[in-house]
Amino acid sequence: VQLRASGGGLVQLGGSLTLSCVASGSNLVINSMGWHRQALGKQREMVASMTRGGHINYADSVKGRFTLSSDITKKTTYLQMHSLKPEDTAVYYCNGNIYTFQSGSNDYWGLGTLVTVSS
């Protein structure tokens, strides 16, 4: 199982950016997928997560600005980020709890994608 994130970059204060994460592998069952982020010198924190049943959690700091969605057929999740602030600057990591017949359910992490918000 691999998670591949894309979409990071440099954006101005108040701008928007959309991150994508694609899960690849054979016969995957995605239990949950979402995003964490880690700013320089800070601990990694949950940004948004979605369960297989469609329940979504957001960090308080991004509620109303970020939207998590998914395309099950493409095994892809999207994080739409609006009204970006400098404090949103971080490396964003895609993560998922994914079931395979061979390995059961495990947590997987993608390589991070850097989001920089300039003021």
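pLDDT is the predictor's confidence in each residue, on a scale from 0 to 100. This is a predicted model, so local features need pLDDT of at least 70, side-chain atom pairs count only at pLDDT 80 or more, and totals for chains, interfaces and linings use all residues. Residues are numbered from 1 along each chain as its sequence is written, and side-chain values use heavy atoms, with hydrogens and water left out.

**Confidence**
- The chain has an average pLDDT of 95, and 100% of the residues score at least 70.
- Confidence is lowest in strand 7 (residues 66-71), with a mean of 94, and highest in strand 11 (residues 113-118), at 98; strands are DSSP runs of E, at least two residues, numbered from the N terminus.

**The disulfide**
- The structure holds 1 disulfide, meaning a pair of cysteine sulfur atoms within 2.5 Å.
- Cys 21 and Cys 94 are the partners, with an S to S distance of 1.8 Å.
- Cys 21 lies in strand 3 (residues 17-24) and Cys 94 in strand 9 (residues 90-100), so the bond ties together parts 73 residues apart in sequence.
- The disulfide is left-handed because the torsion about its S-S bond is about -80°.

**Arg 44 and the rings**
- A charge sits over a ring if NZ of Lys or CZ of Arg is within 6 Å of the ring centre and within 35 degrees of the ring normal.
- Arg 44 lies over the face of Tyr 93, 3.8 Å from the ring centre.
- The charged end of Arg 44 also sits over the ring of Trp 109, at 4.8 Å from its centre.

Methods. Helices (H or I, at least four residues) and strands (E, at least two) are DSSP runs, numbered from the N terminus.
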